[in-house]
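Trainee: I would like to check a few labels against their cut-offs. Can we go through them one at a time?

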Amino acid sequence: MNEYVLEVNDVVKRYLDFTLDKVSFKVPKGSIVGLIGENGAGKSTTINIALDLVRKEQGTVTVLGQEIPNEAHHWKEDVGVVFDGINFHEALTPLEIGKILSSGYKQWDDKVYQNYLAKFQLAQNKRIKDFSKGMKTKLCIAAALSHDPKLLILDEATSGLDPVMRDDMLDVFLDFVQDENHSILMSSHITTDLEKVADYIVLIHQGKIILSQSKDELIYNYGIIRCGAALFEALDKSEILAYRKCDFQWEVLVADKAKFKKQYRDAVIDNASIDDILLLYVKGEQAK
């Protein structure tokens, strides 16, 4: 059985003012992969191509072992999707939505759906137009999880939730992948959420994949050197990932902070958060 539920290989899509340039990454089975990048970096375009909503010009996309596009659409039965916004007619109620979706998905489980509605405190007979944004998001997530998707794709789905709601939802996602038969691709600009739940991080910048690595490697091995001009000039540039000048010091991103601590004992080397890594790649310069 394939160890990856989603494989994106050398995908290209050109627009007048933007190009998705040979994007490649994988989502291993049983994992949560966080897709990060600034607004306009190409996250949503990549997701839409993976869902066959936008046609690519080059490259391949394989979802659950099937190359996309594919005339057979049964693979969509095993993919749950939640975008940043409601996808249902707002005159409907959650109860009515459940009845509609039960006829569209062979694997629909109304008991699971009802449990999620209760867990998320969503009134079954209340019109969606009367829900808050956070309630609408929870409804979309409940619906996506209730047909037992093997792959759940979230495009900024938690951005409308308050911190307490988001934390509860992250626990739901962790439970979802716990059996290692379900996986999540999660696009989010809230990097602290990804630090809690993601197994892997994929960074896209200006249409190109800058890094695709395990979260633990980023959190535990990457570091930021903060130093003056003299030390910056003395650093081994071949081992620098990105850097930028900030007021009176340089910030330098390195992949092996322990090694640099041994080499430059007087340097201040801090741990790097996912946010730090994103900012240095986007706002700084990449070493040649």
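**Labels and cut-offs**

Mentor: Start with Lys259, which is partly exposed, with a relative accessible area of 33%. Two notes on the source. This is a predicted model, where local features need pLDDT of at least 70, side-chain atom pairs count only at pLDDT 80 or more, and totals for chains, interfaces and linings use all residues. Residues are numbered from 1 along each chain as its sequence is written, and side-chain values use heavy atoms, with hydrogens and water left out.

Trainee: Why is Lys259 called partly exposed?

Mentor: Buried means under 20% relative accessible area, exposed over 50%, and partly exposed in between (1.4 Å probe, protein chains only). Lys259 has 33%, so partly exposed is the label.

Trainee: What makes Glu239 and Lys259 a salt bridge?

Mentor: The term needs a side-chain nitrogen of Lys or Arg within 4 Å of a carboxyl oxygen of Asp or Glu. Here the N to O value is 2.7 Å, so the pair qualifies under the 4 Å limit.

Trainee: Why is Arg166 called buried?

Mentor: Its relative accessible area is 14%, so Arg166 counts as buried. The side chain of Arg166 also meets that of Asp193 in a salt bridge, at 2.8 Å, N to O. Asp193 lies in helix α6 and Arg166 in helix α5, so the pair ties together parts 27 residues apart in sequence. Asp193 is buried too, at 5% relative accessibility.

Trainee: What makes Lys196 partly exposed?

Mentor: Its relative accessibility is 36%, so Lys196 counts as partly exposed.

Conventions. Helix = DSSP H or I, 4+ residues; strand = E, 2+ residues; numbered from the N terminus.
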